[in-house]
Amino acid sequence: MTASHSNRWVLLVTVAAGLLLITLDNSVLYTALPTLTRELGASQTQGLWIINAYPLVMAGLLLGTGTLGDRIGHRQMFLIGLVLFGIASLVAAFSPSANILIAARAFLAVGAAAMMPATLALIRVTFLDERERNIAIAIWGSLSVVGSALGPIVGGFLLEHFWWGSVFLINVPVVIVAFLSTLVVAPKGETDHSKPWDLVSSLQALVALSALVIAIKESAHVGQSWLVPAGAFVVAVVASILFVRRQSRLTFPLLDFSIFRNAAFSSGVMAAAFAMFAIGGIELVTTQRFQLVAGFSPLEAGLLVSAAALGSLPTAMLGGAFLHKIGLRILIAGGLAAASLAVVLATWGVTHGLGWLIAGMVLSGAGVGAAMSVASTAIVGNAPVHRAGMASSVEEVSYEFGSLLAVAFLGSLLSAIYTASVMLPAGAPEAMRDSMGGALALAAQAGADGQAIIDAASQAFDRGYLTVMYVVAAVLAVGAVITAVLLRNYGPGSQSSIYSSH
């Protein structure tokens, strides 16, 4: 069953609303985190896990939910995900403690993991014309950047007018409308109950990713015992080996590794991960820097990083529309390379004026938008229709893993550099090493000596901020080189997909 001409575009709007919710909730707490930690009395570690629990659980479950969608139907998975997402949003909005909020964010991720592969898979099986499908997927891909960039703005606006729970409560009306629209316009599609769903493989992936993130987070802590990160890394390696071995023995694996032999597919996966690593990292550290050091309000900080979304929209739309002429290589490798240079430009804004930073944000968004607009096409267009869910879930894992690493690695790196480099004024308490927020609180109690504490903390935080931004630029440059090599046969006029729509 396929959607009618008009219904398929309504379906695109519907699944786009779902995707917007998912990506928005990835970044909505970037501006809300200082308020959340204060209102709930959360520690610095709890604050990072309030953010991390969502992408961590989602990334671990995505492979399983994508394959489950191939079995029971992507429409059904999208509806189930919407219901779970709505319930979890209510729990998160009224969480009385940091630990309950962390649990609610994990539950929110279960709903998001059910929804996310279904959004792209429904587009794959509904849009039969390749040109139309490229445009639809470009719109879908651009919303990942837009949602990520809108998160800090929405969070900042709601915090200025309502209590912190409103950043979750706003999800509920969107969930209701999307649920009703899906019932009307989404095709039921074909199901294949002969395919088993392997929960063990999904749990193995979840353990492997969780342990890897813990290893990265703990390794970045200054003075941290090596036993914790080393132990977590061993668990990650063992779980990964068990996962790979299990997939090779299954008739219907959760992940068919042979699909990565296709250069376009692999490049699309890497482009998605590199792009979301960059966007997530830039937004996380920039919103914190301008709130804590420059005194911006949450809304002002959110508007600042939204420049990346503004830059991504034109290139995302044009990339999808002209992919058949430009080719994957220029859009993906060229987009990542341009974004790398733009991030370097943005760092100048710290010392050369805000205009440089905004220009760098816009241009980095343009580069990332070009890459992401066709990364999805490279992935779903190089997987057979009956594995649309698996291909979609692989892309979602790359998106989430990119964001997850950005928060875990770059957030921890920023904290580590701050702690290691802050120069304590005479008589200042050691506690100001813990965090910039803590230093500001101590400065408020220090009277005349408070400004010296603020200056020392600000210098250390800026040192960490600049380092993180240069790391992001370097990662994007590496991504550009790798994808340029892999896509050497995908230049102008080349075919981007090996499978037809039917």
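Visitor: Is proline 229 buried or exposed?
Guide: In this predicted model, proline 229 counts as buried, because its relative accessibility is 10% and the cut-off for burial is under 20%.

Visitor: Where is proline 229 found?
Guide: Proline 229 belongs to helix H10, which covers residues 227-249.

Visitor: And what separates the C-alpha atoms of proline 229 and glutamate 218?
Guide: A distance of 5.4 Å separates those two C-alpha atoms, while along the chain the residues are eleven apart.

Visitor: Stepping back, how many helices and strands does the chain have?
Guide: There are 20 helices and zero strands.

Visitor: What share of the chain is made up of buried residues?
Guide: Of the 502 residues in the chain, 59% are buried.

Visitor: What about contacts with a separation of 6 or more: what part comes from residues 24 or more positions apart?
Guide: Such pairs account for 84% of those contacts.

Visitor: How many residues has the largest nonpolar core?
Guide: That core has 147 residues, and Leu29, Met58 and Leu328 have the most contacts inside it. Helix H18, residues 388-421, gives the most to this core, contributing 16 residues.

Visitor: Which residues is leucine 29 in contact with, leaving aside neighbours within four places in sequence?
Guide: Leucine 29 contacts Leu36, Ile50, Ile51, Arg105, Val167 and Phe168, once those neighbours are set aside.

Visitor: Back to H18. Which helix holds serine 403, and is that residue buried or exposed?
Guide: Serine 403 is in helix H18. Its relative accessibility is 4%, so serine 403 counts as buried.

Visitor: What does serine 403 touch beyond its neighbours within four places in sequence?
Guide: Serine 403 is in contact with Asn26, Met276 and Phe277, with those neighbours left aside.

Visitor: Now serine 89. Where is its place?
Guide: Serine 89 lies in helix H4, residues 74-93. At 0% relative accessibility, this serine counts as buried.

Visitor: With which side chain does the side chain of serine 89 make a polar contact?
Guide: The partner is the side chain of asparagine 171, at 3.1 Å. Not counting residues up to four places away in sequence, serine 89 touches Leu108, Phe168, Asn171 and Val172.

Visitor: Switching to helix packing: at what angle do H13 and H17 pack?
Guide: Helix H13 (residues 307-321) and helix H17 (residues 354-380) pack at about 35°, and their axes are 6 Å apart. H13 passes H17 in a right-handed crossing.

Visitor: Which residues make that contact?
Guide: From H13, the contributors are Ala307, Ala308, Gly311, Ser312, Thr315, Ala316, Gly319 and Gly320. From H17, they are Ile358, Met361, Val362, Gly365, Ala366, Gly369, Ala370, Ser373 and Val374.

Visitor: How many nonpolar, polar and charged residues has the contact of H13 with H17?
Guide: By class, the contact of H13 with H17 has nine nonpolar, eight polar and no charged residues.

Visitor: Which residues does threonine 37 touch, not counting those up to four places away in sequence?
Guide: Threonine 37 touches Ala42 and Gly47 on that basis. This threonine is found in helix H2, residues 29-40.

Visitor: Why does threonine 37 count as partly exposed?
Guide: Threonine 37 has a relative accessible area of 22%, and partly exposed applies because that value falls between the 20% limit for buried and the 50% limit for exposed.

Visitor: Lastly, which helix contains alanine 103?
Guide: Alanine 103 is found in helix H5, residues 98-126. With a relative accessible area of 47%, alanine 103 is partly exposed. The C-alpha atoms of alanine 103 and alanine 53 are separated by 7.7 Å, and the residues are 50 apart along the chain.

Terms used. Residues numbered from 1 in each chain as written. Predicted model: local features only at pLDDT ≥ 70, side-chain atom pairs only at ≥ 80, totals over all residues. Heavy atoms only, no water. Helix = DSSP H or I, 4+ residues; strand = E, 2+ residues; numbered from the N terminus. Buried < 20%, exposed > 50% of the residue type's maximum accessible area, 1.4 Å probe, protein only. Polar contact = N/O pair within 3.5 Å; in protein donor to acceptor, adjacent residues only side chain to side chain. Contact = heavy atoms within 4.5 Å. Axes fitted to C-alpha atoms, helices over the stretch in contact; angles between N-to-C directions. Left-handed = near helix turned anticlockwise from the far one by under 90°. Nonpolar A, V, L, I, M, F, W, Y, C, P; charged D, E, K, R; others polar. Core = buried A, V, L, I, M, F, W, Y, C linked by side-chain atoms within 4.5 Å.
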